[in-house]
Amino acid sequence: MKALELAELTISEIAPLIRKKQISPLELTKSYLDRIKKLNPVLNAYLTITEEQAIAAARRAEREIARGNYRGPLHGIPFSIKDNIATKGVTTTAGSKILSDWVPDFDASVVERLKEAGAIILGKTNMHEWAKGSNSINPFYGTSYNPWDTTRIPGGSSGGSAVAVAASLCVASLGTDSAGSVRNPASLCGTVGLKPTLGRISTFGGVAGTGGYTVNHFGILAKTVKDCALVLSHVAGYDPKDPLSSDEPVSDYSKPMGIPIKGIKIGIIKGGYFAESLTSEVGRAFEEALKTLKSLGMRIQEITIPHMNLVPALQAASTRPEANSDHEHYLRTRPRDYSPGLLYGLIAGLLIPAPVYVTAQRIRRLLCQEFDTAFEKVQVIAAPTLFSTAPAIEDCNRGYVEADGKRVNLADRAGNFLTRYTIPFNVTGLPTISVRCGFSSSGLPIGMQISAAPFQEGRLFQVGHAYERAAGWYKRNPQL
Amino acid sequence: MKDAVRRLNLEYGFNLSEQEIDVVAKQAEEAALLFKPLFEVDLTGITPLTKVDKRVKKAPALKKGKK
């Protein structure tokens with residue numbers, strides 16, 4: 001088998017071959033490392049490549065499997081990890097200058113779980129500075145480039161992870177999502193991106209100051225819905241090191257896939273929240289996706305979330321004070337080691353009164369109750385993941401895009417417009433998955449997000465997998 | 001708001017220029033406008049959300065006389 005063919009495989013395809021010893025984890029790992037060496041100079045997906053450790057882990061996996069000690073579907077599978085997730089003995093920068101030489105002496109719990117499952121860590125991926133943005137134009141480590149068009153951003157803040165998965169520089173990646181940072185780059189790079197329920201995956205070992213507390217999630221980027229389900233089954237669950245993690249039982253998330261979705265009701269939120277600056281191409285792709293879901297027997301119903309328009313204020317009121325709580329020390333000691341834009345935002349955050357924060361947390365509960373009511377009528381909610389396809393790097397630098405003859409500012413009073421469609425599912429903590437739902441006329445991927453009630457990840461996988469197989473968009477790969 | 005930014009500038013030692021103070025003050029003013037509608041919501045009986053739990057559907061009320 002050629003290296004490229006290997007690299008285009010998914011976990012669900014590779015795992016049985018590894019188990020039957022038809023693919024060597026060592027050869028697989030070397031194949032990915034070769035591809036990284038060839039393409040990373042062009043795409044800047046990885047900040048650190050852990051070649052030596054990866055080869056050692058692959059050798060270990062190969063020995064174990066040869067002795068009959070197969071650990072499960074992640075055994076021997078090459079992963080990448082976003083650089084704000086602590087990795088023992090490996091530099092973890094969070095895309096910042098301040099942590100440029102920080103080498104943790106521990107693994108994040110999620111990394112520990114991946115390693116226990118036998119996964120191979122190929123390296124750490126590039127990201128937006130401190131995860132505080134979604135274009136992955138990083139002033140200290142350079143921009144990550146979208147593999148479908150390298151003049152465009154990959155999205156972010158888990159931009160490097162999405163590039164690595166889309167360009168087959170790993171099989172799957174772990175990212176973090178406090179405003180859409182998994183789903184946004186997944187959509188713009190054409191991968192699947194899962195943000196599970198708040199607390200479903202332990203966030204112990206996430207770099208403080210890269211996501212706050214109330215809206216931050218660890219997530220998974222992979223090529224297919226099934227791969228996300230396989231990874232979640234191994235990394236989810238209560239962690240005593242993270243008091244915010246949930247003790248809800250972890251199920252085998254691959255089970256719901258293949259169960260027909262006929263009769264499941266899908267909710268569309270009325271009121272225009274997801275129509276704000278929606279480009280015609282993304283709108284059309286989303287409508288087509290709904291038609292596909294209907295053809296599979298799903299029923300569409302409009303739902304109302306009365307306080308939907310407060311979401312951007314809730315997101316800002318939650319994340320900004322939480323960020324300041326984490327950045328206090330560095331603001332006092334190394335303020336000029338932040339990029340100017342981030343520094344100004346953090347200083348402005350110091351002026352948010354405490355009642356704003358507490359009031360936002362109360363309205364978050366109200367909003368969750370409104371979603372609960374909606375989930376009494378429908379089983380899932382669907383929306384476009386972003387208003388547009390990947391903006392050009394040049395557009396991000398000038399601060400606006402032009403689409404359908406209109407100018408759309410990429411930053412407004414509420415902050416980052418690229419996250420407008422994803423943040424409702426951060427402030428509510430609802431599990432949400434972004435799947436590819438089409439391509440623009442210029443060949444850029446488009447994403448649709450599907451959300452469900454808390455801890456109903458299985459429902460997401462059931463619907464997402466059925467859609468993915470019926471639509472067939474997942475088969476296309478970027479030409480590199 | 002500019003005075004508040006100047007106070008922070010001194011306290012934290014940011015060494016912001018006047019132009020930078022303007023930028024930060026403008027952002028803080030914009031944020032204050034963004035947050036204003038939050039205080040127009042009736043939050044009687046609503047406590048802050050601190051953790052997401054699995055939603056449990058309310059059990060139907062017991063009929064009188066039944067235990």
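This is a predicted model: local features need pLDDT of at least 70, side-chain atom pairs count only at pLDDT 80 or more; totals for chains, interfaces and linings use all residues.

Chain B and chain A bury about 3900 Å² between them, and the cavity count comes to one at 30 Å³ or more.

**The interface in numbers**
- The contact draws on 48 residues from chain A and 35 residues from chain B.
- Carbon and sulfur atoms give 68% of the area buried between the two chains.

**Polar links and the chain B side**
- Three salt bridges turn up across the interface of chain B and chain A.
- Take Glu20(B) and Arg336(A), which form a salt bridge with their closest N and O atoms 2.9 Å apart.
- Counting pairs with both residues at pLDDT 80 or more, twelve residue pairs are in polar contact between chain B and chain A.
- By class, the side of chain B that touches chain A splits into 23 nonpolar, seven charged and five polar residues.

- The largest cavity has a volume of about 30 Å³.
- Its lining takes two or more residues from each of α7 (183-189) and β15 (445-452) of chain A.
- β15(A) gives the most, three residues.
- Among the lining residues are Ser187(A), Leu188(A), Val282(A), Pro445(A) and Ile446(A).
- Five lining residues are nonpolar and four are polar, with no charged ones.

Conventions: Residues are numbered from 1 along each chain as its sequence is written. Chains are lettered from A and ligands numbered from 1 in the order in which they are written. Side-chain values use heavy atoms; hydrogens and water are left out. On a 1 Å grid over the protein atoms alone, a cavity is a set of points where a 1.4 Å probe fits but cannot get out, and a pocket is an open set with protein on both sides within 12 Å along at least five of seven lines; lining residues have an atom within 4 Å of a point. Grid points are joined across faces, edges and corners, and a volume is the space filled by probe spheres set on the points. Helices (H or I, at least four residues) and strands (E, at least two) are DSSP runs, numbered from the N terminus. Ala, Val, Leu, Ile, Met, Phe, Trp, Tyr, Cys and Pro count as nonpolar, Asp, Glu, Lys and Arg as charged, and the others, Gly among them, as polar. Contact means heavy atoms within 4.5 Å. Buried area is the accessible area (1.4 Å probe) that two parts lose on being put together, summed over both. A salt bridge is a side-chain nitrogen of Lys or Arg within 4 Å of a carboxyl oxygen of Asp or Glu. A polar contact is a pair of N or O atoms within 3.5 Å; within protein, one must be able to donate a hydrogen and the other to accept it, and residues adjacent in sequence count only if both atoms are side-chain atoms.
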